[in-house]
Every structure is written in structure tokens, then in C-alpha cells.
Amino acid sequence: MNTPQHFDSLTDAVDFLYQRLPGPLHVGAPLGLGKPHRLLNALYERAEGDSTRPLHLYTALSLDPPGAGKGLEGRFIGPFAQRHFGDDFPRLRYVQALKRNTLPAHVEIEEFYLQSGALLNASATQRRYASLNYTHVARALADRGVNAIVQKVAADPNGGTRLSLSCNTDLTFDAIDAIVACGLPRPVLIAEVDPQLPWLDGSAAVEADFFDAVVTPPGPYPKLFGLPRQPVSDADYAIGFYASTLVRDGGTLQIGIGTLADALCHALALRHTDNAAYLRVIAALGVGAQADAASLGQTASNDVDLIGDRNANAPVAPLGQTASSEVDLIGKNNAKAPVAPLGPFSVGLFGCSEMINEGFRRLVEVGVIKRKVVDDLEVMRRVHDGDASADDLARLEREGEFLQGGFYLGSPDFYQWLRHLPEDQRRGISMRRISEVNELYGGNETLERLQRRDARFFNSCMMATALGAAVSDTLDDGRVVSGVGGQYNFVAMAHALPNARSVLMLRASRESGGEVRSNVVWNYAQTTIPRHLRDIYITEYGIADLRGKTDEDCIRAMAAVADSRFIAGLLLTAMDSGKLPRFVPRVSPHNHPNRLRETLAPFRRDGTLPDYPLGSDFDEVEQRLIKALGWLKANTATQGAKVKTVLRALFARASHDHEALQRMGLDRPSGLGERIEAKLVSLGLRESAGR
């Protein structure tokens, strides 16, 4: 290693990079939070004006705050974005060019994961998207001849010379190793120090000479990108509580991001801290009840009622079941999945997830995530066999880690939590290479199998087919919504580990343009997870365990967790395709949003299921407005509905929620347009009150 150059000027750092690298620049940058926005903007500005030096940037998840927009949405988002992200947040200039489709011809941006739905109409992004498993990215960077890597880092708060990769240890180490292994020069490494970034030690920290240059731009320092926490719907909660019944005490947990993960983490926290309340919720959802005689196991020659009162409660055990038992809760054709008793967590869980987020914070705080592991095969073997000595247990307590991840991303409160962790908790959190977190192979597989016992890998998807394939990242026309990321890695690992399960969560239906559509479909042009890796799917109507099942049994299980309005059509298509025998499906209406709303309403009212279980970035007035604007969006989705809603608003009484109207800048409307907007907001506030 050589002595790194130190700069306080971004321009000087870019000059250094241009001087070190003749010809085209092939630059890698971390996904998400670890992307050095200001350095990348300076680099893009330089490259934009110099067509003799092509720039190829390889990255992912280029985060961009929401724009203010127009109309009511703009009135709401504008002030919130200003407060939440700050006026000085450095929007990535290349992202703005991509969104405008004005990227220069000599600049190429290649991403393997996109901010969800943000770049559907960016033609350069859609053309240069690389569909890669997370663990294959380092190899791809080497194949592309990456000759520089830029990364945001944290400085040692104690004044030391080391730097922490902090939020992104996921690909940097793996990429360097892969590039060098191909016989290419070690890439030029430039760090941008951000005093806002939390310091994490251990495997995240490196000596300063790991980098070729370190730039510390002068302040003021913009806020870190904070993901606004969204309200959790009834469907999200039902999915989260069903999912929570699959988690074994003493097991391993991986979760994704979004409101489904938030709901799952709230359910697990409630199971631990207020078990009586937790059991009331899952009892209301029907968990633990046996399916009736008219369930999926009936013979094909009879009429079949696919959705009874207690339709899709597999594969959870009755509440007092022992962990070693197996229970079939949806007829003889459904799944058998052993689960532990649904009491509080005594041993606790080990978190091993590519992403550490808000949900993990909550689970650490309440004592659910606490099972520790050490990177010592013999110690972990003795722990697994129940033969651990006093010295083993003391070492586990002293050196053990309870949470491992490849990157982190969350809210401003989450970052504040990381900054102020007690030292014992800080030691228990380890940032790792993605090859260590997302795979079993290439490292110490035997050790990782012992550490990751009873693993449950929870991820989300957009749609699922009746035959068990998952649609998670791409629309049927080929446009990419997000990316594969690590989803395939975790699905494959669930099949490789003993007693592990892959659980894909999805809402049973969606509404767009006033039309309700099923998310459980017969077929789809693009799939992310092939049907031969099918395992467990969860919707708000229950759990479908597909592992090892025949096509016929998969179709019946998926139909049992679909929206009632689409089940008959799904089954008829299966019959026409020869995948089911002919019968007359009798579908009861229980799998319907209205029925779910009635079921969960008491828990909404008593605070068991809050709108924002992990905290909120919106104030109380904004939370009321989110409900009101959501109601308006749903009731103006079609032209006819819009006319009807506007007419209702014009003749309705004014809202007494002056604070909300003031927040929207509509407390003193001027002109016809503002008066109509004020009336619409008033109607939305009144209609959504108490929901």
C-alpha cells in the first residue's frame, strides 16, 4: 500500500483520478448510501464536457429524493422533501440526465439494481441494466475492466487514521479481489469522507492507505439520504403476522425492505414483548384453526370450496405445538412445515441479511435479535451439539455477533441509532462482504451452516404464478422496476440449508387506474425466481407452502391465498391447461379486503396495529393528509370517479382541520383551482378520518 493523497477539494480529487488513469474511465461506486454523491457529481461534470475521455459508471440503487410534482401531490411532497432531505441534498446529476433522457453519448451508466419504479421511462437505464445476482456483481465488474472505485466513508470518531466503509462493505472487497484475480491492476480507490456517516468498526474499518486518495470536502455537510417510513396497510399487517408464525426461536432471520418487512418486524416484536396481544391478532386471522372438510384436499369430482373461514393457515402449528411436530393445516394436499411455539423469544434470533434496516433496529432494541455467533468452527459445533464449555459461552458473549449485513439503509432515526450504539451492541453488528452474507460457498460452508440454523429468508415480490414462479423486478414488456438483487441468493440458500425456508411475500391484488387486478396470475412474461425453486408464498389471506409439491397441489395452494374475485378464473385457466381436473369451483367471499378490514379493525382502534409501527418521518398533520390523499387517489382513479368525487367535494361542508389545509397551503385559497383543491382535501380528510 502507498501513502494516500489527501484533498479537501472535489475538483482536485477528480484531477487526480484523470491523471492516474489514461483513456476511458471505468468507475465503480457502491449502491445506496455509500455512493459519494458530491464526488460523483464533480466527476460527471468533468466527464460531461470532455468527450475524449469516455466515462463508464457501474453502480446500483442511485437514490434520488422525490420531486415536488404538481397539484395536491406537489403541495404535500414539496415541503416534506425540503425538510426531510434538506435544500442542499446533492441530487446525482447523472440521474437527472437519465430521467430527462439527455445523457451524453460518451457517458454510460450501468446499474444492476434500480430505485423501485423510478427509471421505468429512462431509455438509457433500461438499455444498460444488467440483470445480475448480487453475488455475481464483483465478477461482472472485473469482466468490464473497472479501473477505479469511489466510495463514501466514515472517519474514526476517536481521531484515529482508519476509515470505515460503514454502510457498504458489500462489494468493494469482493470487487477488488475479482479484478486482481483476472490479472488486471488494482483499481484506483478514492474515498470521500462524510462526517454524517456512522462509524462501524470490525471488518468495516480499514487503514487509510487502503485508498489511493482521500477527499474531505468542506462543510456544510448534507443530510444522509433517509428513506421515509410509509404507513402499513391491513394487507401488509396480515402478511407480516402470518410470516411471523414461521420464525423459530434460536433461528436465523433475513428480511428485505418496505412495509411488508415493517409489518413482519412489528409482529415479531409484539410476539416477544406482548405475547397475549400477538396471539389475539393471529387468532383473529385464523392461525391455529384446522381447515374444514371442504378444503383443498377434496376429490376433484366434487364441487370445491377453496376459501373457507380458515382457509390458508398453513404451514404454522397450533399455538401449543412442539417445535419438532409437523402439521398439515390445509388438507392432505397442502404443506407440512414444522414451526416452534409462538411464545416470546428466549434464545433469540441471529440476523444475517444483505441489508440492515429499520426493522432490525427494532428487533435489536426489544431483544429479539440477540443470538450470537463467532467465526470459530469448533466453538459453533459445540454450541450446536449442546456441549459448549463455560469458556465457549464466555467467548460467545464477549466476541459474538448477533447481526451481520452487507449494507445498511434507513431513516434519519436509524442513522442516529447507529451513531449512538452502546459499545457492546456496536461490537455485535458486523458489516461483511456480500459473498459472505448471501452465499454458503467459497468461504467456510460448514461454519456458516452451523451459524445459520433454522433460517427464514423473507423477501417481497410483485406477483406470483399459480405454478410457483415469482415476479419481483421486471414488467411483462421487459422494463425493469428494480432488480434481482439478492433474492435468488436467499431462495437458493434456503434450499441448501437444512430446516431453512424461503418466504416470498406479496399482496393478493392491486388497484391501478380504477381497476383491481390479481397478483396471483397464471403466467407472466418475466420471472425472477423459477418455479422449480418454489417454496413458501404469503398473501394477506394466508400461507401457501409449495416446496416439493406437484403442479396440481401448487395451484390449489396458491388459489387458496388469492383474492376471491380472481380465484374462479385462475382455476378455470388451470383446468383448460390440463393442470387440474374438471370441477365446479365454489368460492366464498372471505378473501376480500373488506373482510380483512373488519377482522383487523379492533386492533387498529386499540393501537395494537399502528399506522407507523417503526416510527414516522411525517408529523401528525402529514399523517392525516396521507390518508386523505390516499382516499382521493383511490376515488379519482377513473374519469367517472373523478367527476363524482369533485361534485361531492363542491357541495360538501368545509373541513374543520385547519392545520391540514394550512400545511397544504389551501387555508386561504385564491382562484377557482385552489378552491376546488381545498374542497377535495376537505372531503378526503373527512372520509378518511378514523380509518
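1. Leu 55, Leu 57 and Thr 59 point one way from strand E3, His 56 and Tyr 58 point the other way, and all are buried. This is a predicted model, and the points below should be read as such. E3 covers residues 55-59 and is mostly covered, with 5 of its 5 residues buried.

2. E3 has a parallel partner. Strand E2 (residues 25-28) pairs with E3 in the parallel sense, over 4 bridges.

3. Helix H4 (residues 93-100) is another element to view together with E3. Tyr 94, Val 95, Gln 96, Ala 97 and Leu 98 of H4 are buried. The buried residues of H4 pack against E3, and also against helix H2 (37-48), strand E4 (107-111) and helix H5 (123-127). Just after H4 comes Asn 101, which takes a positive phi of about 55°.

4. Strand E18 (residues 501-505) is likewise described as mostly covered: 5 of its 5 residues are buried. Arg 501, Val 503 and Met 505 lie on one side of E18, Ser 502 and Leu 504 on the other, and both faces are covered. The buried set of E18 therefore includes an arginine, Arg 501, and a serine, Ser 502, since buried here means under 20% relative accessible area.

5. What are the pairings of E18? With strand E15 (residues 455-460), E18 pairs in the parallel sense over 5 bridges. Within that pairing, Arg 456 has Arg 501 of E18 as its bridge partner. E18 is also joined to strand E22 (residues 536-539), by 3 bridges, and these two strands run parallel. Here Val 503 stands opposite Ile 536 of E22.

6. A separate item is the open sheet of 3 strands, ordered E17-E16-E21, in which the pairing is mixed. The edge strands are E17 (470-471) and E21 (520-521), each of which pairs on one side only. Strand E16 (residues 463-465) is joined to E21 by 2 bridges, and the two run parallel. Ala 464 has Val 520 as its bridge partner in E21.

7. Is helix H19 (residues 551-560) enclosed or open? H19 is largely enclosed by the rest of the structure, because 9 of its 10 residues are buried. The buried residues are Asp 551, Asp 553, Cys 554, Ile 555, Arg 556, Ala 557, Met 558, Ala 559 and Ala 560. Charged side chains are thus on this buried list, among them Asp 551, Asp 553 and Arg 556, since Asp and Arg count as charged.

8. The last point concerns a helix pair. The axes of helix H3 (residues 71-85) and helix H22 (residues 620-634) come within 11 Å and cross at roughly 150°. H3 is therefore roughly antiparallel to H22, as angles over 145 degrees count as roughly antiparallel. The crossing of the two helices is left-handed.

9. Which residues of H3 and H22 meet? From H3 the contact involves Leu 72, Phe 76, Phe 80 and Arg 83, and from H22 it involves Glu 622, Leu 625, Ile 626, Leu 629 and Leu 632. By class, the residues of this contact comprise 7 nonpolar, 2 charged and no polar.

Definitions and conventions: Residues are numbered from 1 along each chain as its sequence is written. This is a predicted model: local features need pLDDT of at least 70, side-chain atom pairs count only at pLDDT 80 or more; totals for chains, interfaces and linings use all residues. Side-chain values use heavy atoms; hydrogens and water are left out. Axes are lines fitted to C-alpha atoms, for helices over the stretch in contact, and angles run from 0 to 180 degrees between N-to-C directions. Angles under 35 degrees count as roughly parallel, over 145 as roughly antiparallel, 65 to 115 as roughly perpendicular and the rest as oblique. A crossing is left-handed if the near helix is turned anticlockwise from the far one by less than a right angle, and right-handed if clockwise. Contact means heavy atoms within 4.5 Å. Two strands pair if DSSP finds at least two bridges between them. Buried means under 20% relative accessible area, exposed over 50%, partly exposed in between (1.4 Å probe, protein chains only).
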